[in-house]
Amino acid sequence: GWVKHFTIIGMRLGMLALAGVCIYFTAKELFPGRMGPQTLFSEAFERVRVHEEVMAIAGNGMKAFGRDVGRNTEGRRNHIDSYQYTGEDGSRRTRIRFNVKGDKAKVLVWAETSDRMAENEYVYLICQSTKTGKVVTVEDNRDRLEMELEQHGGPVDVSANFINNLFTKKD
């Protein structure tokens, strides 16, 4: 009767919902967007490899790579150290560290971005020569972000500020 009919419909809807959840998480893992470590790595390396000071330190023929994860075999070093967290301003942040090697020297690179920043904009993008220890700051917006946080008196909710500004009289 009707109980069997609704049970079958319920089971089919449950399986459809489960399939949808699986597809969502699979797509999220395969296509993480800008906040994914590999995407950020590629974007940051493109920026670093054309920076004059970094080019002067590392030399020509720059290659970027992660770190060796302890395997005793020759192979690819494509493990990018990364850390994802929520910043004080409430934004999602991704922080990475990778290596760049040219014909002169090896350079360590640290980069961090926020989901509220435009493409090719970083909280910071800093390089350090392993040979001399010289630090090159390609971009550093930490002070600006700190000031914005202080001006707003805590976590910044861009949408709430936009709506408040619409209804606030300007003198």
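Residues are numbered from 1 along each chain as its sequence is written, and side-chain values use heavy atoms, with hydrogens and water left out. Because the model is predicted, local features need pLDDT of at least 70 and side-chain atom pairs count only at pLDDT 80 or more, whereas totals for chains, interfaces and linings use all residues.

When a disulfide is taken as a pair of cysteine sulfur atoms within 2.5 Å, the count comes to zero disulfides.

Side chains of opposite charge can pair when their charged atoms come close. With a salt bridge defined as a side-chain nitrogen of Lys or Arg within 4 Å of a carboxyl oxygen of Asp or Glu, eleven salt bridges are found in the whole structure. One of them joins Glu-46 to Arg-49, with the closest N and O atoms 3.1 Å apart; Glu-46 is partly exposed at 41% relative accessibility, and Arg-49 is partly exposed at 36%. Another links Asp-140 and Arg-142, whose closest N and O atoms lie 2.8 Å apart, and here Asp-140 is partly exposed at 35% and Arg-142 at 40%.

In the salt bridge between Arg-93 and Asp-89, the closest N and O atoms are 3.5 Å apart, and both residues are buried. Arg-93 and Asp-89 also belong to a network of salt bridges that includes Arg-95 and Glu-112.

How values were computed. Buried < 20%, exposed > 50% of the residue type's maximum accessible area, 1.4 Å probe, protein only.
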